[in-house]
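Dear colleague,

Please find the structure below, with the sequence. My notes on what was found in it follow.

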Amino acid sequence: LIRRQRQMCIRDSYWIAQVVKGARLVAPDGTVVESYPDEVGVILHRKVFDFDLALMASQAGAEVVTKAYVNGLLFEHGTVAGVKLNYMGEELQIRSSVVIGADGVESRVGRWAGLKTWVFPKEMASCAQMTLTNIEIDPDIVEFYFGREIAPGGYLWIFPKGARTANVGLGISGEISEKKTPFSYLEKFIEKKFPNASKLRIMAGGVPVVSTLKQIVSNGLMLVGDAARQANPVTGGGITSAMEAGSIAGRVAGQAVLAGDTSLKRLSAYSREWHETSGKKNEISYKIKKVVNRLSDKDFNDFDYISLGLSLVLGIALIGSVAYLVTPFDSFLRATFTLPFAGLGIALILLPFIYYRYRGAYEKQIARIHKKQLARNTNSGNDRYSPSNTKHRTRNSNSNSSSRSNNNSKRKRRRKKK
């Protein structure tokens with residue numbers, strides 16, 4: 001699948017808006033790290049790309065229907081058996097052996113079949129993007145900006161689409177977007193960075209940055225892409241993972257239809273294969289995302305940016321989490337998507353974040369222990385020489401001296417009697 005994607009991109013170069021050769025990461029304090037790996041990246045003309053996918057599907061025998069609003073599912077004996085839809089004002093029903101839901105975030109198709117597709121706000125990235133022109137950029141570089149003031153709970157990107165044009169967007173935590181919209185953060189950045197920009201296109205949306213749904217199949221139903229929460233939780237990228245999932249789901253669905261068995265048990269082969277391959281990377285990426293979200297701007301600024309940059313670039317390349325990375329070397333491409341290299345890439349990304357995150361926590365804990373010890377020593381010293389203790393000792397000493405004098409008097413009286 002990955003090899004086919006690379007060959008398709010090279011063959012159909014009109015899909016490509018810009019070839020990029022490196023990446024630039026900018027910390028909250030303005031510190032910059034750049035990387036120029038051997039592999040190159042491509043920025044797609046997304047509308048052209050999507051249109052051609054539909055065209056190829058149609059030429060392969062699929063029937064493509066647009067302007068169709070699906071508003072329900074058909075069921076037979078507890079199994080999904082098709083869809084209800086409104087097509088150009090007419091209510092229709094289309095029966096099928098398997099329905100594959102690719103309807104995006106918090107899939108309605110999945111909910112109609114009883115699957116739990118809702119996402120907590122904190123697990124949703126609220127995104128905004130503008131296509132800008134008349135701006136000064138480096139067309140060979142993709143840029144990423146981090147910081148609570150720029151994109152809290154996420155990051156900002158600049159993807160060049162020509163000499164003076166780029167997609168500039170950001171994603172922020174869904175919890176934060178309830179107080180301040182992503183467009184507010186984006187407008188602020190653009191006014192400062194590109195004051196003379198012309199806005200050609202504006203778009204917004206949500207991306208689930210959470211691990212894959214535990215159940216992505218039901219009787220007669222399969223979910224793929226954002227509907228199954230298969231986007232990378234760290235980057236939010238979902239093109240590659242959706243195509244991988246779609247390829248597995250299509251193959252399993254075809255085999256199930258030929259066998260005359262579209263039950264949950266049969267279709268679960270798709271779920272198992274996904275979770276055993278890309279799903280594992282998704283789970284680990286989610287853990288990385290939770291660590292990164294705990295970092296403050298100071299944590300980012302304190303990074304050793306040389307080692308961080310190398311870790312990020314090598315790690316992302318090895319786990320194949322950036323959808324637009326394309327390499328001309330088949331051998332490197334095959335190595336990139338094998339689990340041993342994926343594990344190495346994940347480790348390279350994870351270790352710097354864990355070190356800097358927990359180093360600060362360790363130092364704070366040591367400081368608290370020293371403070372408690374100092375307070376304990378001070379208190380014990382005060383108790384030893386406190387006035388109350390002095391009185392107590394004086395009182396005891398007086399009582400002891402009086403008891404001794406009484407004893408002496410008794411002895412003298414005994415002697416006199418004798």
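**Strand β11 and its surroundings**

In the hairpin of β11 and β12, four residues lie between the strands, and G162 takes a positive phi near 145°. This is a predicted model, in which local features need pLDDT of at least 70 and side-chain atom pairs count only at pLDDT 80 or more, while totals for chains, interfaces and linings use all residues. Residues are numbered from 1 along each chain as its sequence is written, and side-chain values use heavy atoms, with hydrogens and water left out.

Helices (H or I, at least four residues) and strands (E, at least two) are DSSP runs, numbered from the N terminus. Two strands pair if DSSP finds at least two bridges between them. β11 runs antiparallel to strand β12 (residues 165-173), with six bridges joining them; P160 stands opposite A166 in β12. β10 and β11 are also antiparallel and are joined by three bridges. There, Y145 has L156 of β11 as its bridge partner.

Burial is given by relative accessible area: buried is under 20%, exposed over 50%, and partly exposed in between (1.4 Å probe, protein chains only). Six of the six residues of β11 are buried, so the strand is largely enclosed by the rest of the structure.

**Aromatic pairs**

Rings of Phe, Tyr and Trp (its six-membered ring) pair if their centres lie within 6.5 Å; planes under 30 degrees apart count as stacked, over 60 as edge-to-face and the rest as tilted. The count by this rule is nine aromatic pairs. One is edge-to-face because the rings of F144 and F159 have centres 6.0 Å apart and planes at 80°. This pair links distant parts of the chain, 15 residues apart: F144 is in strand β10 (residues 141-145) and F159 in strand β11 (residues 155-160). F144 counts as buried at 14% relative accessibility, and F159 is buried at 17%. Ring pairs join F144, F146, Y155, W157 and F159 into a cluster.

**Elsewhere**

Helix α8 (residues 278-293) has 16 residues and spans 22 Å from its first C-alpha to its last, close to the 22 Å expected at 1.5 Å a residue; the expected span is 1.5 Å times one less than the number of residues. Buried residues in α8 include Y286, I288 and V291.

Regards
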